[in-house]
Structures are given as C-alpha cells and as structure tokens.
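Visitor: Good morning. Could you take me through this structure?

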Amino acid sequence: MTKNKPVYFAFDSDVIRTLAYIDLVKSKNKNIDLANSEDRLLCKYGEIFLKIHEFMRKDKIRVLILNNVYQENKHSQYIMNFIIDNCYVDDIDMQNYKQISSKVERLAYKYCKDYIDRDGSIKKAPMQAVFNALKRASIPSNDAFNMAESTLVGVNFVTANSKDYIFYKDPSYGDVRANGIREINRQEGYSYLSGTKIYSPKPISISQFGLLLHKIEKGQYVSFSDNENRSSGVWELEDNFLSGEFDVDNEVE
C-alpha cells in the first residue's frame, strides 16, 4: 500500500504559538489541561490542535513558515526551537528575494482593492489596507502579506483570525473574504485546474481545518508534491507545492 504524501499548509502566528506551546509541554512529558488553559485557542479548539500536532509528528502534514510569520516570532526562543525542529521554509535566497517580494507586495495590494467577480459585479475588497504614518499612505495589512506569501508558494493558509480572512463582521453571510481571496488568486493566475477541480490557495479557519484533518486521515485530500522522501525538521523546501480541494462551481470543505 502506497503511503500518502504529506500535505503542506502555512499557519498564522497564533496557530504557530499554540502548537509550539503544545510541543514544549509534551517534550516535558506533562499533560495539557485543555479546559483550563490560559491559551484561548486551546480552550476552544484543543482537540483540533492536538490532532494537528499528532499529524505533524506522523508526517501527515507539514507546516510551511512564511517570512512574515517568522519575523513575528523570531525573538521567542521556544517558538524558534519548534520551528527549526518541526517546520519548513520556502527556498528564498539573495537571487530570488527581490522578485518574490515584489510579487507578494503586488498581490497583497490586490487583496485590498475591490474586484470584479465572474458575473461582472463589483465586490468589496476581501482584505484591508491600513494607514501607515511613516509612508503617509494606506498599505496592505500584515494579514494581506501573509495570504500573498502563502499563495505564491501554493499552500492554504490556516488562521485563527477568521474575521480578517474568512468573513466580515457577520459570519452568517458566509466565507465572503475567503471566496474573494480565492477569486483574486484565480484572476491573477494562482489557480490550477485538474479534472473538474480548481486548486487555489485560500485562508482556512481552525474549525474548517479540523474537518480537513478527517479527509487527510482518510487519504481523501488532494496534494501535489515533488518529493516524497523529505524528512520532518529539514530547514528547506522545494519551490512548488499545491494543496487545496475545491469544486469548480461549489466549494467542498
């Protein structure tokens, strides 16, 4: 029986910090009190986080650390230890950094502007620009840069901050932000057609990711990878990894 290839995802800083805490506690052979934890994410999504950590250890999923997320956490030693031991970074060097950063910036700005949907209607920008006093201009938020970095390396972005990535203030309107991000990615060429499916990076909430873990466990989640033999903890990553499964007409979670 062929072993399923591991699936790559990028996580935001909040998710990384919670996983690093779990890893630290487990390394000391201590139990984690989910119900009484000071970590709000563990209290609410504890079982999902434990499953994520388990899947990382079993090499079912691999965590890609984005540059922006790395910069936000590099001053914490225990988080850096977790990243070095368990995560991957994209292949960025002095030769390709300027080109990659330029593409990231361009895409981040796209997320912060209204866009034309497939039906010709004008849709509200899925992400927000913020005013920067130093530059005296509105620039994309860190959230927009996170999503753009994730898109350029072809992985979905798992976030604990749904209100800025997935939906607007009222979640009853659905995944409006996430759908807008995915549509902009499609228009900008960051989507891939395979049969009747469109593969395109998008943000995923913790609860949505919990559902995807069940698909990964059953080998039902689609992932493309060029290297089956990479071992966990290596501080490198080849360029092109795609993950995400979407119907052309209707999204499947």
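Visitor: What is the mean pLDDT of the protein chain?

Guide: The mean is 80, and 81% of the residues reach 70 or more; pLDDT is the predictor's confidence in each residue, from 0 to 100. This is a predicted model, in which local features need pLDDT of at least 70, side-chain atom pairs count only at pLDDT 80 or more, and totals for chains, interfaces and linings use all residues. Residues are numbered from 1 along each chain as its sequence is written, and side-chain values use heavy atoms, with hydrogens and water left out.

Visitor: How many residues has the largest nonpolar core?

Guide: There are 62 residues in this core, and F9, F11, I16, F49 and F209 have the most contacts inside it. Such a core is a set of buried Ala, Val, Leu, Ile, Met, Phe, Trp, Tyr and Cys residues joined through side-chain atoms within 4.5 Å. Buried means under 20% relative accessible area, exposed over 50%, and partly exposed in between (1.4 Å probe, protein chains only).

Visitor: And what is I16 in contact with?

Guide: Apart from neighbours within four places in sequence, I16 touches F11, V63, I65, V69, I79, F82 and I83.

Visitor: Which residues of helix α4 are buried?

Guide: In α4, residues 77-86, the buried ones are I79, M80, F82, I83 and N86. They lie on the same side of α4 because they cover an arc of only 155 degrees around the axis, taken from the directions from the helix axis to the C-beta atoms. Helices (H or I, at least four residues) and strands (E, at least two) are DSSP runs, numbered from the N terminus.

Visitor: What covers them?

Guide: The cover includes α1 (13-27), α2, β2 (61-65), α3 (67-73) and β3 (87-89).

Visitor: New topic: is N29 buried or exposed?

Guide: N29 counts as exposed, at 72% relative accessibility. This residue lies in the loop between α1 and α2 and has a positive phi of about 55 degrees although it is not a glycine.

Visitor: And D59, buried or exposed?

Guide: D59 is buried, with a relative accessible area of 16%. D59 is not a glycine, yet has a positive phi of about 60 degrees; its place is the loop between α2 and β2.

Methods:
Contact = heavy atoms within 4.5 Å.
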